[in-house]
Structures are given as C-alpha cells and as structure tokens.
Amino acid sequence: MSTLAIVLIVIGVVLLALFVGGLVVARRRLERPEFSADVAKADRALESARAADRGWNRQLLHDAARQALAVERPGFEPETLDLVLVDDRPGVEDDRAHVVAVGSEGKARVVLARDREGRWTLERVE
C-alpha cells in the first residue's frame, strides 16, 4: 500500500470521528430541556435589542398592544408584555411587531403594524 493511500485513509478516519463526535454533542445539546428556553430567551433579547437600535419605542408598542387588547379582548388583563418579533422592512408602513401578552386568562399574540405617520395600529390578535 502506498504512503498516499495510508495518509488519505488516516485523514478520512479522523474526519469521520470528528463528524460523529459533533453529531453526539449536538444531539445532547438539543435534548436538554432548558435549551429551547435558552434559545427563546436569546431570540427575545435579540429582537428587543434590534428594536431599540432602530429607534422603535418599546413603550409605544406596549401602549398600542394594551389598547388593542382592551378593544379585541375586553377583560383580558396582561401581566407581562413581551416583544417577540420585529419585522423591520424598508420604509415605515411595512413594519410589524409581534407582542405576546400573558395574563391569568392565557396568552394572546398582538400583531401591530405602523401606519404612514409612524403610529402603531392593530393588525390582528391571535
């Protein structure tokens, strides 16, 4: 057997071992119950930071979400409002924000859209 064949076989075995090891580590990470919570927390933090950097006012979003809930779901009192998705497109009128309201009655996703004047209006409540 030539030296080149031996080197190629050794390289192939090492690459295969690294690949299998990576699969094992990735599977263990995905099976941790707190992993999905960590990912969701990071996503919310990312969306919040992104919204803050773009000049979106969190208080205006929360106020618009509370007003929308008062109209669409009277009696629903949100204990927390979490900004979970920012859809920032070119221009103002295509911007969307998803706010999840959690209360004793359950959860509601409020989708807000910006109008031409930059005000947040209700698109839908899910």
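Visitor: How many salt bridges does the structure hold?

Guide: The structure holds six salt bridges. Keep in mind that this is a predicted model.

Visitor: What makes the pair Arg-114 and Asp-95 a salt bridge?

Guide: Check the distance between their side chains: it is 2.6 Å from N to O. The cut-off is 4 Å between a side-chain nitrogen of Lys or Arg and a carboxyl oxygen of Asp or Glu, so the pair qualifies. This pair links distant parts of the chain, with Arg-114 in strand β3 and Asp-95 in the loop between β1 and β2, 19 residues apart. Arg-114 and Asp-95 are both buried, too.

Visitor: What about Glu-123: which residue is its salt bridge partner, and how far apart are the closest N and O atoms?

Guide: Glu-123 pairs with Arg-124, and the closest N and O atoms are 2.8 Å apart. There's also a network of salt bridges here, linking Arg-96, Arg-109, Glu-123, Arg-124 and Glu-126.

Visitor: Why are Glu-123 and Arg-124 called partly exposed?

Guide: Glu-123 has a relative accessible area of 36%, and Arg-124 comes in at 35%. Buried is under 20% and exposed is over 50%, so values in between are called partly exposed.

Visitor: Where is Glu-126, and which label does it get?

Guide: Glu-126 is in the segment after β4. Its relative accessibility is 41%, so Glu-126 is partly exposed. Leaving aside neighbours within four places in sequence, Glu-126 is in contact with Arg-73, Ala-108, Arg-109 and Val-111. The C-alpha atoms of Glu-126 and Val-110 are 6.4 Å apart, although 16 residues separate the two along the chain.

Visitor: How do you know that β3 and β4 are paired?

Guide: Two strands pair if there are at least two bridges between them. Strand β3 (residues 106-114) and strand β4 (residues 120-125) have five bridges, in the antiparallel sense, so they're paired. One example is Arg-114, whose bridge partner in β4 is Trp-120. The hairpin has five residues between the strands, and Gly-118 takes a positive phi near 90 degrees there.

Visitor: Why is His-98 called buried?

Guide: His-98 sits in strand β2 (residues 96-103). Its relative accessibility is 12%, and the limit is 20%, so "buried" it is. Not counting residues up to four places away in sequence, His-98 touches Asp-82, Leu-83, Val-84, Leu-85, Arg-109, Val-110, Val-111 and Arg-124.

Visitor: Is Gln-67 buried or exposed, and how do you know?

Guide: Gln-67 has a relative accessible area of 57%. Exposed means over 50%, so Gln-67 is exposed. You'll find Gln-67 in helix α3 (residues 58-72). In space, Gln-67 and Leu-122 are 8.8 Å apart, C-alpha to C-alpha, while in sequence they are 55 residues apart.

Visitor: Which element has the lowest mean pLDDT?

Guide: That's helix α2 (residues 33-53) with a mean of 68, while α1 has the highest, 89. Where pLDDT is low, the predicted coordinates should not be read in detail. Over the protein chain, the mean is 81, and 85% of residues reach 70 or more.

Visitor: And what is the overall pattern of the protein chain?

Guide: Along the sequence the pattern is α-α-α-β-β-β-β, which comes to three helices and four strands. Buried residues make up 25% of its 126 residues.

Definitions and conventions
Residues are numbered from 1 along each chain as its sequence is written. This is a predicted model: local features need pLDDT of at least 70, side-chain atom pairs count only at pLDDT 80 or more; totals for chains, interfaces and linings use all residues. Side-chain values use heavy atoms; hydrogens and water are left out. Helices (H or I, at least four residues) and strands (E, at least two) are DSSP runs, numbered from the N terminus. Buried means under 20% relative accessible area, exposed over 50%, partly exposed in between (1.4 Å probe, protein chains only). Contact means heavy atoms within 4.5 Å. pLDDT is the predictor's confidence in each residue, from 0 to 100.
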